[in-house]
Each structure stands twice: as C-alpha cells, then as structure tokens.
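Please walk through this structure with the model open beside the text.

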Amino acid sequence: MLPSVLNNYIGGEWVESKSATTREVRNPATDQVLTQVPMSTVEEANQAVEAAHAAFQEWRATPPITRAGYMFRLKAAIEENFEELAALTTQENGKTLDEARGEVRRAIENVDVACGVPSLMMGYNAEDVSQGIDSVAVRQPMGVFVHLAPFNFPAMVPYWFIPYALATGNTFVLKPSSQTPLTQYRLAEIMADLGLPDGVFNLVNGTSDLADALMAHPHVKGVTFVGSTPVGKHVYEYSAAHGKRAIVQGGAKNSIVVMPDANMKRTVSTIMTSAFGCAGQRCLAGSVVLAVGGCEKELVPQLLEAAKRIKVGYGLDESAQMGPVVSKKAQKKVVSYIDKGVAEGAKLLLDGRGIQVPEYPNGCFVGPTIFADATPDMTIVREEIFGPVFAVISVPTLEDCYPIIDASPFGNAACIFTASGKAAREFSHRVECGNIGVNIGIAAAIAFFPFGGMRDSFFGTLHGQGQDAINFFTDTKVVISRWF
Ligand code: NAD
C-alpha cells in the first residue's frame, strides 16, 4: 500500500514534511495518482544535512569491513524485494517490467562492488622516501555527500553513488526526482531496516530550492548530480561556488554509425533496443543513425519493419515491449520535436504521434518514430528529444561521420556496427564520447567500470561507479614519519 503523501527520512526517523506544497506522482500509463510528494523546505534540507553531519564521526570510525557488512545485507534485502522494486519503478516511470528489472539488477551490482571497500579504499606506502623516513597515503571519508537524482532510472542512478559513499564511511542525503520518488522511498525503507546508525542515510523530497539549499550547506562536502545539461551546468557552478567537489552527469544525443559490412539483422534488433528501450528515455539511447556507404537501402526497410512490430502498452503487462514516456509534459515535448522534424523537411517513415493503447486511453504514449533523409542541421538531429524517435542520415564514408558527431555539444555515447576491426578501432579512438559501443547499442558500463560522458554530458573529473566512485568519496592524506 503506497502512502498518500511521502515523508522524509531524517536522522533515522520518518518525518512528515512541514511544506504546504505537494506534487502529484502519476502512473504515466494509467494516469492514476500514485501519491503526493512534498516540496520540502530549506529548513528540512538543513535538518537532513545536520543529521548526516552528526552521524559522520561514529560512522567513519566504523571499520570498513563492518561497513561492508551493511552492504552485504543491503544486497540481500534488495534481492528479497526485487520484484516489488521493479514493479514500483514501472508504475512511476512507465518503463517495462523487464527494463525495470534490469535497472534494479544494476543497482545491486553497484552494491556488490561497494562490498569490496576494505581493499578498494586501501592506500599505499613507501619506505625510506628519505633516510629513515616513511610515507603512507591513506584514503579517508570526507563527511556529508548529496545526490540529486533524475527521473529516468529511479532505482539505478542513485546507486551509482550511495553504496560507495556509505561504504567508504561518508554519510548521505538523497534527493530523489520529484517525478519518480517512489522506488527510492521503498529503498530507503529497506535501508532503514538494516539498522544503520541514525543519520548515516537520509532522504528529503523536493525540487530546485531544496537542491540549492543542500548544495550550499557548509557541512556538505560534495554533490553528485545526474540529469539534464542546463540544470547540470547550474549544479556544477553552484556547488563549485560553495567549495564542493562534484560529479555532474548531463544530457545526451547519441549517434549510431552503421557500416555497409555490419551484420544487418543483429544491427537492426540492437538499434530497436537502443532507440526505443525505456521509450527512448535513456541517456545512452541512440537517436541519430548514420548509415554509411549506401547501406540505408538495406537497413532502413528492416528498421521500419522491426519498429512496426513493437508492442506499446503498460509496462506491468509482460507482453508490452515499450511503455509510455514519463508525463504528459514529456509526451507533448516529444510530439513537438516530431512536428519540427516534419516542418524542417525530414521524411517521416513511422509516426508515433497519436498512438492509441485502447486499455489505457489516458496514458502518455508515443509510438516508435523514424525519420529518414535527415540532415545534420535539423533540430531532431541536434537536440536531445528524450523519447522514442530516431533520425537516419545517409553518409558517404566513415570519415564523414566524425564532423557530424563532433558538432554535437554532447559526448555521452556513440556506437559503431561493423565487421571491420580497423574501423571500430579508429572510431573508438577518435570519437569524443565517454561510452563507445562496438556492435553494442547501449554502451552501459558495468558497475566495476566508471560511468560518465564527455563534453556537455559531463562536468567534473571522477565518474560514478567502481574505483572512480571510491576515489570521489575519499580524500588522500599523506603521513610522513621519522622515529628517533
Ligand atoms: P533534470 O535536470 O530535470 O532533474 C534532475 C534533478 O535535478 C532532479 O532531482 C531535479 O529535481 C533537480 N533539479 C531540477 N531543477 C533544478 C535546479 N534548478 N537546481 C537544482 N536541482 C534541480 O533531469 P530529468 O528530466 O529528471 O532527467 C532526464 C535527463 O537526465 C536527460 O537529459 C538525460 O539525458 C539525463 N541523464 C543523464 C545520465 C548520464 O549518465 N549522463 C543518466 C540519466 C539521465
């Protein structure tokens, strides 16, 4: 049973927000109101940070192996609640149950990696740096960290950070997306049952005022943000202005290059998942297909056929292959991009506007949409649409793809489909994107690799996940000793 209004979790207590303002959280497939999320006050942000700060000294003194023990128990508890968490994600976000299961799985994998913290946060030492003098470099936790989460992966994205921050001995304040706060609410309940010391993990619901208050608080040491580039730029500047370290992962516009020697059958099915999985609301979604050397003649009819077969519906229905986008606002935005593509002269091969899902007439559905004969200057090629839409551009050679990819301000991901090792190697080397797929359509790094983009898709130095996250959540101290 879902609560009618979500509480905050501060200092080990579930507390009602004092804010008079709430927002509805709706199921984007059924349009049913799931709950209300409070727009918590600046005072509540401060209380959460104070609680995390008060818990820090005891938590940092807890041996890493004991902290890892909590992570082992967290993993087991998420496994136990796996199906419930996946279903909640589907209800609030719209993605299919299989896609939701995939992201809960990746959240667990991040907990798995954080379980290795006793060795992952080891330092290093050198004897006799000068005669009789030794040096030891240790990694130490820093204090309170904050995460500002996006709507599109409500289970997974916060877990690129939370397990590493806690395992390394920091305390944490999470601000979930106000569009999809339920999965993290349930995960916070699971966390509360682990018996972590009060204040080690806190959750406050709200939006930009709350986020700014968290970033500005003097006890906060660092901020992690995943979301759109304009908000990300603000977060990077604002957190730097307040002296915080930051990981800021922004928006994306990802190209898929198809060479004439690619295995077309596999390429087609992979492009379907890349472009239409999660209704195109992935930061790794392919949304521009660069068909090289005339291969569009073979490729495009197959893409069209495959896209027409995709069953759009409610994600909780196991036969649905694509769910709705997250909200009416998102639906309107995606439709307006399709309108713009038509107005700017791209050839609309498959039109997802106005799609009807008879059982769910009020759902925020947009069907798979394909444009051909697109050109690099078109809005649908340049801007992040974040919906189930891709555009095909015909390109003479691989060399001609690079200026198109380089012209994008984003650098999150790019993929190439080819049988040529030479082409794949050259592409991987040259393209300025943080995640490269070779015959892979969603180049999503597994939890023990870092995840982050380049250019306007990323601001900061260290990335989320793996050793990068361990390094981000710790500071290195060097102790130099001489004994007489
Ligand atoms: P968003 O930028 O609207 O919101 C992200 C978070 O920032 C939310 O918690 C939101 O409440 C908060 N926020 C909004 N306005 C703010 C402000 N002015 N100041 C401070 N905080 C503010 O993003 P979204 O729509 O929730 O998520 C979709 C975007 O996230 C897409 O652009 C997608 O590409 C991107 N994304 C990127 C990655 C990546 O790894 N690069 C991963 C997932 C999603």
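Start with the open sheet of seven strands, whose pairing is mixed. Read across it, the order is S14-S15-S16-S13-S12-S18-S19. Strand S14 (347-350) and strand S19 (435-438) are its edges, and each of them pairs on one side only. On average, neighbouring strands here are turned by 20 degrees against each other, direction ignored. Keep in mind that this is a predicted model.

Now look inside that sheet. Strand S12 covers residues 254-258, and strand S13 covers residues 286-292. Five bridges join S12 and S13, and the pairing is parallel. As background, strands of a sheet pair through backbone hydrogen bonds, either parallel or antiparallel.

Next comes an open sheet of three strands, ordered S5-S6-S22. Its pairing is antiparallel. The edges are strand S5 (124-130) and strand S22 (474-482), each pairing on one side only. From one strand to the next, the twist averages 25 degrees.

How many bridges join strand S6 to S22? There are nine, and the two strands run antiparallel. S6 spans residues 133-141. To locate the pairing, find Pro141, which stands opposite Thr474 in S22.

The space it takes is the largest pocket. Which elements give two or more residues to the shell around the ligand? They are helix H8 (208-216), strand S10 (220-226) and helix H9 (229-241). H8 gives the most, with three residues.

In total, 26 residues surround the ligand. The closest are Ala149, Lys175, Ser228, Gly250 and Glu384. Two of these closest residues, Ser228 and Glu384, return in the side-chain contacts that follow.

Follow the ligand's oxygen atoms. In Ser228, an N or O atom of the side chain is 2.6 Å from a ligand oxygen. For the side chain of Gln249, an N or O atom is 3.0 Å from an oxygen atom of the ligand. The side chain of Glu384 also has an N or O atom at 2.6 Å from a ligand oxygen. How much of the ligand does the protein bury? Taken alone, the ligand exposes 850 Å², and the protein buries 87% of that.

How values were computed: Residues are numbered from 1 along each chain as its sequence is written. This is a predicted model: local features need pLDDT of at least 70, side-chain atom pairs count only at pLDDT 80 or more; totals for chains, interfaces and linings use all residues. Side-chain values use heavy atoms; hydrogens and water are left out. Two strands pair if DSSP finds at least two bridges between them. Helices (H or I, at least four residues) and strands (E, at least two) are DSSP runs, numbered from the N terminus. Axes are lines fitted to C-alpha atoms, for helices over the stretch in contact, and angles run from 0 to 180 degrees between N-to-C directions. A residue is near a molecule or strand if one of its heavy atoms lies within 4 Å of it. A polar contact is a pair of N or O atoms within 3.5 Å; within protein, one must be able to donate a hydrogen and the other to accept it, and residues adjacent in sequence count only if both atoms are side-chain atoms. Accessible areas come from the Shrake-Rupley method with a 1.4 Å probe; for residues, only the protein chains shown count as cover. On a 1 Å grid over the protein atoms alone, a cavity is a set of points where a 1.4 Å probe fits but cannot get out, and a pocket is an open set with protein on both sides within 12 Å along at least five of seven lines; lining residues have an atom within 4 Å of a point. A molecule sits in a cavity or pocket if more than half of its atoms lie within 2 Å of its grid points.
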